[in-house]
Structure formats: structure tokens, C-alpha cells
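Please read the report below alongside the sequence and the coordinates.

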Amino acid sequence: MISFLLKHKLLSTVAFLIVVGALWYLFRPEKLFINQRVNEAAPFAVDRDAQPIYTGRLSRKLHETSGRATVYRQPDGTLILRLTDFHTSNGPDVHVVLATGDDPALQNTAPGKALASVEVGGLKGNEGDQFYKLPANTDFTRYSTVAIYCERFHAVFGTATLQPF
Amino acid sequence: MNRLRKLSCIAVLSLAATVTAAFAQSSTPVQTGVFHGQVHSTSGRASVYKGADGKMTLRLTDFKTSNGPDVHVLLIAANDAQDNDNFLKSNVERIELGKLKGNEGDQNYDIPAGADLAKFHTVAIYCERFNANFGTAPLEKF
């Protein structure tokens, strides 16, 4: 075998190159190190519409809660929170608030411990789509959780973790 | 006279801008989901936009995956998929949306008219050559 390769140097070099080329084409190992970045425009007018910037699904904590919470930035820079497909239980003094994701009160299994929260507004209805104004300088990397919160009994009805849209 | 011409020119331009914006404005997100993928570390968001004309577009944002050979964007008829799932072996039904344009960054893909998004409700980044699933985003109603 080796003597054959030595005898036909040109042939074996060509065969070697073909094999290497085929393996390179198959695996394209350089792609492990080369990134291909694209930046296509959104399929809508970015400067004229309210844009969703964060969104999350609502899930139950102490009461059955479902739907979606989305933060929109309006063209004038103001922030609004919109709840859609929303459903929670009715209750006394229920508020929409923002909380930090690591707040221990979010893990309450019974009402009691107060939630350190940013007030958004009194819950307008326990069902249906609704809008709330958000404070202009809200830091969503810190206050990343929307909570439906009963102030009277310190009960977290349900929460949504906001993720970038 | 010159000034008048300039003014009318501006008026026409701003009118044109309004019209295009009015068309573009009507594209709204209808479904969205977040990517997961451990083996090939895939992250970001996939959203389906519906235009006024009913045309559906898949848009990837904050997107990042590994680069690789022959990587495609698919809609699959499954609730979710595991890392490195082989869709050929598992016979998962799918709709091809095209070759992945880039392994990083925001990008749009046309969804064929008549695609049943109630059935094909999961986005997969799939390497056709090695039948490896790089990442998956189950879509939920926006």
C-alpha cells in the first residue's frame, strides 16, 4: 500500500486533496468560528406604531390567572402595559404591580408577606383586554415581573415574567 | 415661485411617507415564542406577523444560534422539540421557510399562504445535512 502511494505520488496527492475537500464541504468547520450577522427591518413602521418591547404569559400563583402581559413603547416614548386574553379571579383591592423576579413574596403559598412592588394601577377588570400607563423610567431588567396583587391580603394572584420582544 | 415649488415638493413627499406608513402599520404580531436550545445554544424570539393583506411573516429578533452547514428555518407540526431531534426519523410534518439567512440578528421569512399555523405552531432551526435540531421556539398566541 505504502509503496503504491510512494510510486504514484501525484495520484495519491490528488486523491488526498479530493478527500479533504469533500470533508471540508460536508462539515464546513470554519463556520464554528465565523458568524453571519443579518439585520433586516421589521415588517411594520417602527417610528409610527406602538411597539411591543417586552412580553410574557401570565400564570397562576394563589388564584387561577391566565393571559398575556405586553409592554409597548409608544411613538412619543411613553410606556404602556397591555393585558390580553386576560382572566383572573375577582377580589378586593386588587392591583397590577411590577416586582423583581427574585422577590420572596412571589413564592408565597398563602397570603401574608408583602411584595416590594412598583404600583401600576388598580385592576380595571378581572377579565378582558386592558391598558395601564407605566412609569417613564421603569427598569425592566430589574422589575421584570408583572404581578396581579391583592393589597389587602398581600396575596399574589398570578405573575408574568417579561422577556424582550 | 421657487419657494412655492419647494413647498409643494415637501407636501408631496410627506404625503408619500404617510401612505407607506399606513400600509406598513397594519402588520401586527399574532403569535410569539422564545427559542431554547442547549446543544447548539440558540436564543431569541420568533414572532409571526400578519399583514393587512393576510400575508404571514416569521420574524426572528435578538436571535443567536451556531453557524453550520445547510441550516434551515422550519415550521413543524409539534408542540415542542428536543435538542438534536431528528425530524426525518420521527417523521415530523414540516413547512420549509428557507435557508437561515444569518446565525445572528433580526431576520424575516415569508410563510406560504394557506399554512395552517394552528397545526404548525413550532419554529425549528434545523441542520438538514446532519438532521440536527439547533433550537426550537414553541409559538403561543400574542
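Predicted model: local features only at pLDDT ≥ 70, side-chain atom pairs only at ≥ 80, totals over all residues.

## Domains of chain A

The domain assignment divides chain A into domain 1, covering residues 2-32, and domain 2, covering residues 51-164. Taken over C-alpha atoms, the centres of domain 1 of chain A and domain 2 of chain A are 62 Å apart.

## An open sheet in chain B

In chain B, five strands make up an open sheet whose order is β6-β3-β2-β1-β9, with antiparallel pairing. The strands at its edges are β6 (107-111) and β9 (140-141) of chain B, and because each has a single partner strand, one side of each is left without a neighbour in the sheet.

Thr32(B) has Ser47(B) in β2(B) as its bridge partner.

## Nonpolar cores

The largest nonpolar core holds 27 residues, and of these Val97(A), Val146(A), Ala147(A) and Tyr149(A) touch the most other members. At least two residues of this core are supplied by each of the chain A strands β1 (51-60), β2 (66-73), β3 (79-87), β4 (94-99), β7 (145-150) and β8 (155-161). When residues up to four places away in sequence are not counted, Ala147(A) touches Val97(A), Ala99(A), Leu106(A), Leu115(A), Ser117(A), Val156(A) and Thr159(A).

Another core, of 25 residues, lies apart from that one, and its members include Leu75(B), Tyr126(B), Phe134(B) and Leu139(B). Leu75(B) belongs to strand β4 of chain B, residues 71-76, and counts as buried because it has 26 C-beta neighbours inside 10 Å, where 20 or more are required. Leaving aside neighbours within four places in sequence, Leu75(B) is in contact with Arg94(B), Ile95(B), Leu97(B), Ala115(B), Phe120(B) and Val123(B). Although Leu75(B) and Leu139(B) are 64 residues apart along the chain, their C-alpha atoms are separated by 9.9 Å.

## Positive phi angles in chain B

Asp62(B), which is not a glycine, has a positive phi of about 50°, and its place is in strand β3 of chain B, residues 56-64. With 15 other C-beta atoms within 10 Å, Asp62(B) is partly exposed.

For Asn91(B), likewise a residue other than glycine, phi is positive and near 60°. Asn91(B) is found in the loop between β4 and β5 (94-99) of chain B, and because Asn91(B) has 8 C-beta neighbours inside 10 Å, it counts as exposed, the limit for that class being 12 or fewer.

## Where the chains touch

Contact between the chains involves 28 residues of chain B and 25 residues of chain A. On the side of chain B that touches chain A, at least two residues come from each of α1 (2-25), β1, β2, β3, β6 and β9 of chain B, and β3(B) gives the most, with four residues. By residue class, this side of chain B comprises seven nonpolar, 13 polar and eight charged residues.

Methods:
Residues numbered from 1 in each chain as written. Chains lettered and ligands numbered in written order. Domains from an automatic or database assignment. Pairing = 2+ DSSP bridges. Contact = placed C-beta atoms within 7 Å. Core = buried A, V, L, I, M, F, W, Y, C linked by C-beta atoms within 7 Å. Nonpolar A, V, L, I, M, F, W, Y, C, P; charged D, E, K, R; others polar.
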